[in-house]
Amino acid sequence: QVQLVESGGGLVQAGGSLRLACKASGRTLSSLAMGWFRQAPGKERERVAALTWSGTYYADSVKGRSTLSRDNAKNTVYLQMNSLKPEDTAVYYCAASSDSLSWGSYDYWGQGTQVTVSS
């Protein structure tokens, strides 16, 4: 069983930055594929970034403004988001797959962290 705990959300002005963190427990990060999703009120959940041992993925909506990284020693994945826009406002969720090469299917989810960008 894998537990995921997100942190780093908050209220930020447009143009600001946030770094979201997702700490995994129960499995080592190196054995997992990771993803970040977000869901705004009234909208469908959107995958914004993903990380496997074969590479990274960024949705067009965040490409060029966001960077994924992992710290295996801390068993934590980070999503650095810059030049934030009001449309980035959402609950951000971390997800993990037991298949370290998976791009689209996730077995475990965190509880989410709220990101609010004011204009």
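## Overall fold

From the N terminus on, the elements of the chain run β-β-β-β-β-β-β-β-β-β-β. The radius of gyration of the chain is 13 Å, close to the 14 Å that the globule rule gives for 119 residues, so the chain is as compact as a globular protein of that length. The model is a predicted one. It contains 11 strands and 0 helices.

Taken along the principal axes, the box filled by the C-alpha atoms is roughly 40 × 25 × 25 Å. Among contacts in the chain with a separation of 6 or more, 60% are between residues 24 or more positions apart.

## Burial, surface and charge

Buried residues make up 44% of the 119 in the chain. The accessible surface comes to about 5,900 Å². Carbon and sulfur atoms account for 48% of that surface.

The chain carries 12 positive and 9 negative side chains. The centres of these two sets are 5 Å apart.

## Methionine 34 and alanine 50

Methionine 34 belongs to strand 4, which covers residues 33-39, and alanine 50 to strand 5, which covers residues 46-52. The two residues are 16 apart in sequence, and their C-alpha atoms are 5.7 Å apart in space. Methionine 34 has a relative accessibility of 2% and therefore counts as buried. Alanine 50 is also buried, because its relative accessible area is 0%, under the 20% cut-off.

Leaving aside neighbours within four places in sequence, methionine 34 is in contact with Leu4, Cys22, Leu29, Ala50, Leu51, Val77, Cys94, Ala95, Ala96 and Tyr106. With the same exclusion, the contacts of alanine 50 are Met34, Gly35, Gly55, Thr56, Tyr57, Leu68, Trp103 and Tyr106. Glycine 110 is 60 residues from alanine 50 along the chain, and the C-alpha atoms of the pair are separated by 15 Å.

Arginine 65 lies in the loop between strand 6 (55-58) and strand 7 (66-71). This arginine has a relative accessibility of 11% and counts as buried, since buried means under 20%. Its side chain is joined to that of aspartate 88 by a polar contact of 2.8 Å.

Beyond neighbours within four places in sequence, arginine 65 is in contact with Gln80, Met81, Asn82, Ser83, Leu84, Lys85 and Asp88. One of these, serine 83, sits in the loop between strand 8 and strand 9.

Serine 83 has a phi near 50 degrees, a positive value in a residue other than glycine. At 41% relative accessibility, serine 83 counts as partly exposed.

Asparagine 75 likewise is not a glycine and has a positive phi, of about 55 degrees. Asparagine 75 is placed in the loop between strand 7 and strand 8 (76-81). With a relative accessible area of 13%, asparagine 75 is buried.

## Aspartate 107

Aspartate 107 is located in the loop between strand 9 (90-97) and strand 10 (108-109). Its relative accessible area is 45%, which makes aspartate 107 partly exposed, as that class lies between 20% and 50%.

The side chain of aspartate 107 reaches the backbone nitrogen of serine 98 at 2.8 Å. When neighbours within four places in sequence are set aside, aspartate 107 is in contact with Ala96, Ser97 and Ser98. Glutamine 1 is 106 residues away from aspartate 107 along the chain, with a C-alpha separation of 9.4 Å.

## Threonine 113

Threonine 113 is part of strand 11 (residues 113-118). Its relative accessibility is 10%, so threonine 113 counts as buried. A polar atom of the threonine 113 side chain lies 3.2 Å from the backbone nitrogen of glycine 9.

Not counting residues up to four places away in sequence, threonine 113 touches Glu6, Ser7, Gly8, Gly9, Leu20, Ala90, Val91 and Tyr92.

Notes:
Residues are numbered from 1 along each chain as its sequence is written. This is a predicted model: local features need pLDDT of at least 70, side-chain atom pairs count only at pLDDT 80 or more; totals for chains, interfaces and linings use all residues. Side-chain values use heavy atoms; hydrogens and water are left out. Helices (H or I, at least four residues) and strands (E, at least two) are DSSP runs, numbered from the N terminus. The radius of gyration is taken over C-alpha atoms; the globule rule is 2.2 Å times the number of residues to the power 0.38. Buried means under 20% relative accessible area, exposed over 50%, partly exposed in between (1.4 Å probe, protein chains only). Contact means heavy atoms within 4.5 Å. Accessible areas come from the Shrake-Rupley method with a 1.4 Å probe; for residues, only the protein chains shown count as cover. Lys and Arg count as positive and Asp and Glu as negative; His and the chain ends are not counted. The place of a charge is taken as NZ of Lys, CZ of Arg, CG of Asp or CD of Glu. A polar contact is a pair of N or O atoms within 3.5 Å; within protein, one must be able to donate a hydrogen and the other to accept it, and residues adjacent in sequence count only if both atoms are side-chain atoms.
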